[in-house]
Amino acid sequence: MENTWKDSIRRGAVSGSVASLLSTAALAALGKRDSGSAIAPINSVSHWFWGDKAKHQEAVSAKFTLPGFVTHHASAIFWAVLFERLAGRFLDRRSTLTTLEAAAAATAVASFTDYKLTPYRLQPGFESRLTRTSMVGVYAAFGVGLALGAMLLRRD
């Protein structure tokens with residue numbers, strides 16, 4: 001099957017949405033455990049717009065939670081489109097292992113880019129509310145979401 005940008009965007013919207021929802025659930029659960037607030041890590045993502053005060057917001061709010069979630073979701077779709085564009089032709093084989101490997105590689109690149117190549121103001125922000133172990137859990141949930149979304153799109 002041909003793997004055009006149009007296909008990649010369409011598929012990336014699905015796999016990115018699954019990755020976003022799973023990683024947001026992980027952010028909430030791990031944020032509750034690590035910092036006592038399920039919403040704080042999601043609010044923290046809006047620090048690119050509101051500055052570091054976003055990292056200290058613990059309650060649901062239109063000001064911090066909505067832009068935090070939308071930013072996280074848009075980022076997940078961005079990475080999923082690249083994942084689908086670069087790995088899409090290999091995923092058409094419907095191999096679970098290949099899909100998991102490609103999703104793990106894409107997740108590693110996203111994490112490296114987020115924290116090593118991106119300026120501080122544009123980094124995810126939730127690292128301020130989570131332990132390193134929880135960060136690994138969030139990125140693992142993201143990778144599983146990419147893989148699940150890709151497999152969902154390619155099921156018989």
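**Close-up 1. F126 and Y139 in the predicted model.** F126 is buried, because its relative accessibility of 4% falls under 20%. The model is a predicted one. Y139 also counts as buried, at 11% relative accessibility. F126 and Y139 form an aromatic pair. Their ring centres lie 6.3 Å apart, and the planes make an angle of 50°. The pair is tilted. F126 sits in the loop between α5 (96-117) and α6, whereas Y139 belongs to helix α6. The pair therefore ties together parts that are 13 residues apart in sequence.

**Close-up 2. The edge-to-face pair of F49 and W50.** The structure holds six aromatic pairs. In one of them, the ring centres of F49 and W50 are 4.7 Å apart. The two planes stand at 90°, so the pair is edge-to-face; the cut-off for that class is over 60 degrees. F49 has a relative accessible area of 48% and is partly exposed. W50 is partly exposed too, with a relative accessible area of 27%.

**Close-up 3. The aromatic cluster around F49 and W50.** F49 and W50 belong to one aromatic cluster with W48 and F64.

**Close-up 4. Helix α1 against helix α6.** Helix α1 spans residues 5-35, and helix α6 spans residues 132-153. Their axes are 7 Å apart. The packing angle is about 155°. Angles over 145 degrees count as roughly antiparallel, and α1 and α6 are therefore roughly antiparallel to each other. The crossing of α1 past α6 is right-handed. On the α1 side, the contact is made by R11, V14, S15, V18, A19, L22, S23, A26, L27, L30, R33 and D34. On the α6 side, the contact residues are S134, G137, V138, A141, F142, V144, G145, L146, L148, G149, A150 and L153. By class, the contact of α1 with α6 comprises 15 nonpolar, six polar and three charged residues.

Close-up 5. T24 is found in helix α1. Its relative accessible area is 13%. That value is under 20%, so T24 is buried. Neighbours within four places in sequence are left aside here. Beyond them, T24 is in contact with I42, F69 and H72.

Technical notes:
Residues numbered from 1 in each chain as written. Predicted model: local features only at pLDDT ≥ 70, side-chain atom pairs only at ≥ 80, totals over all residues. Heavy atoms only, no water. Helix = DSSP H or I, 4+ residues; strand = E, 2+ residues; numbered from the N terminus. Buried < 20%, exposed > 50% of the residue type's maximum accessible area, 1.4 Å probe, protein only. Contact = heavy atoms within 4.5 Å. Axes fitted to C-alpha atoms, helices over the stretch in contact; angles between N-to-C directions. Parallel < 35°, antiparallel > 145°, perpendicular 65-115°, else oblique. Left-handed = near helix turned anticlockwise from the far one by under 90°. Nonpolar A, V, L, I, M, F, W, Y, C, P; charged D, E, K, R; others polar. Phe/Tyr/Trp six-rings, centres within 6.5 Å; stacked < 30°, edge-to-face > 60°.
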